[in-house]
Amino acid sequence: MKNKKKLAAIISAVVLAVVIISIGTFSYAYEVVKKNSIGIDKAISIAMTDAGVQEENTIVTKAKMDFEKSAFVYDIEFVENGVVEYEYTIKAADGTILEKTHEIDDDQANRQDSNAVTELPSDNKEQVTQPNDTAQKEQPTKEPATQQNVTEKQKDETNAISLEKAKEIALKNASVAKKDAVFVSAHKDYDDGIVCYDIEFRTSSYEYEYEIGLNGDILSYDKESIKPKNPQTTNKASTNAKYIGVDNAKKIALKNSGLSAKDVVFTKAKLEREDGIYVYEIEFETSTTEYEYEINATTGKIMDKSTEPVDY
């Protein structure tokens, strides 16, 4: 019995050692590959170029380095015009496209196009599955109609205003000069099946939120007053206070962590309002550790920070 317990303890120790060595080897390999990889921005660019799409017409839904089939790769997923979904697997070392797929979301296409066709009658669907001459003639009926809807939708997207133009429209409507505005968010969005630009910005006194259609129409608008933390001490200097900017916030977080930009992958960098003040939420990771920072948007002071091991 003692020998069996001793043998079990030895086996457990060996297994633990192998696991520790494997984790260490993976972490080292991750660091080496990351330093010599093309970078996540380049991977996104390669995928979009191959797909023949424009960045302003797409929304990236996934962009992440992963380990698949004994190699480090970038998993890139994006949607064009809310209709065509693309998925790419790109080799991290040299940008080789290892795998790619795309598909048309018929439901989105039909919701976004007022002239969308309905489904084929049940009788036609049954005939499509029949291996005879009549079925072969009727089978293409739905596909060209759906493709026509997609083509019309792409035509509408081609004639759409740009993101910069949408921002100009919002600023003009709010009677705010570009130099006096700080944009918190500006991107293409899909709300109840409608494609629009989601624009958010602020001045020293107000916060503005706009939804602007691709044709330039203002779909919704909201304006909210910003109350100063201590109105009695508000002066010209505080009114004209400028934010440090997201790039400086990232530098502050990196300096505090003792890391450099080439050693990490940023997963979040965004201006947010917390407890009545604006902060930059900065998140990044190495192969072993995740870092989270909250940095005062005006002073650059680190308000909060935390670290935790990466869970693979």
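Strand 3 and strand 4 pair antiparallel, over seven bridges. That is where I'll start, and please keep in mind that this is a predicted model. Take one bridge as a landmark. Glu-87 has Thr-101 of strand 4 as its bridge partner. Now follow the chain from strand 3 to strand 4. The two form a hairpin, with five residues between them. Look at Gly-95 in that turn: its phi is positive, about 85 degrees.

Next, the other side of strand 3. Here strand 2, residues 71–80, runs antiparallel to strand 3, residues 84–91. How many bridges join strand 2 to strand 3? Eight. Tyr-74 is bridged to Ile-90 in strand 3. Phe-78 is bridged to Tyr-86, also in strand 3. Strand 2 and strand 3 make a hairpin too, with three residues between them. In this turn Asn-81 has a positive phi, about 55 degrees.

A quick reminder about pairing. Strands of a sheet pair through backbone hydrogen bonds, and they can be parallel or antiparallel.

Four strands form an open sheet here, ordered 9-10-11-12, and the pairing is antiparallel. Strand 9 and strand 12, residues 302–309, are the edges. Each of these has a single partner, so one side is left without a neighbour in the sheet. The twist in this sheet averages 15 degrees from strand to strand. Helix 9, residues 246–257, packs on the sheet. Helix 9 touches strand 9, strand 10 (277–285), strand 11 and strand 12. Its direction makes about 55 degrees with that of strand 10.

Let's zoom in on strand 11. Strand 11 pairs with strand 12 in the antiparallel sense, over seven bridges. Within that pairing, Glu-290 stands opposite Glu-308 in strand 12. Then there is Glu-292, which lies in strand 11, residues 289–296. Is Glu-292 buried, exposed or partly exposed? Its relative accessibility is 37%, so Glu-292 counts as partly exposed. Which residues does Glu-292 contact, leaving aside neighbours within four places in sequence? Ile-282, Glu-283, Asp-304, Lys-305 and Ser-306. Consider Ile-282, 10 residues from Glu-292 along the chain: the two C-alpha atoms are separated by 5.8 Å.

One general point while we are on strands. In a regular strand, side chains alternate between the two faces of the sheet.

Last topic: the largest pocket. About 1400 Å³ of space lies in it. The lining has 40 residues. Nearest the centre are Ser-185, Ala-186, His-187, Ala-269 and Lys-270. Which strand gives the largest share of the lining? Strand 9, residues 265–274, with eight residues.

Key
Residues are numbered from 1 along each chain as its sequence is written. This is a predicted model: local features need pLDDT of at least 70, side-chain atom pairs count only at pLDDT 80 or more; totals for chains, interfaces and linings use all residues. Side-chain values use heavy atoms; hydrogens and water are left out. Two strands pair if DSSP finds at least two bridges between them. On a 1 Å grid over the protein atoms alone, a cavity is a set of points where a 1.4 Å probe fits but cannot get out, and a pocket is an open set with protein on both sides within 12 Å along at least five of seven lines; lining residues have an atom within 4 Å of a point. Grid points are joined across faces, edges and corners, and a volume is the space filled by probe spheres set on the points. Buried means under 20% relative accessible area, exposed over 50%, partly exposed in between (1.4 Å probe, protein chains only). Contact means heavy atoms within 4.5 Å. Axes are lines fitted to C-alpha atoms, for helices over the stretch in contact, and angles run from 0 to 180 degrees between N-to-C directions.
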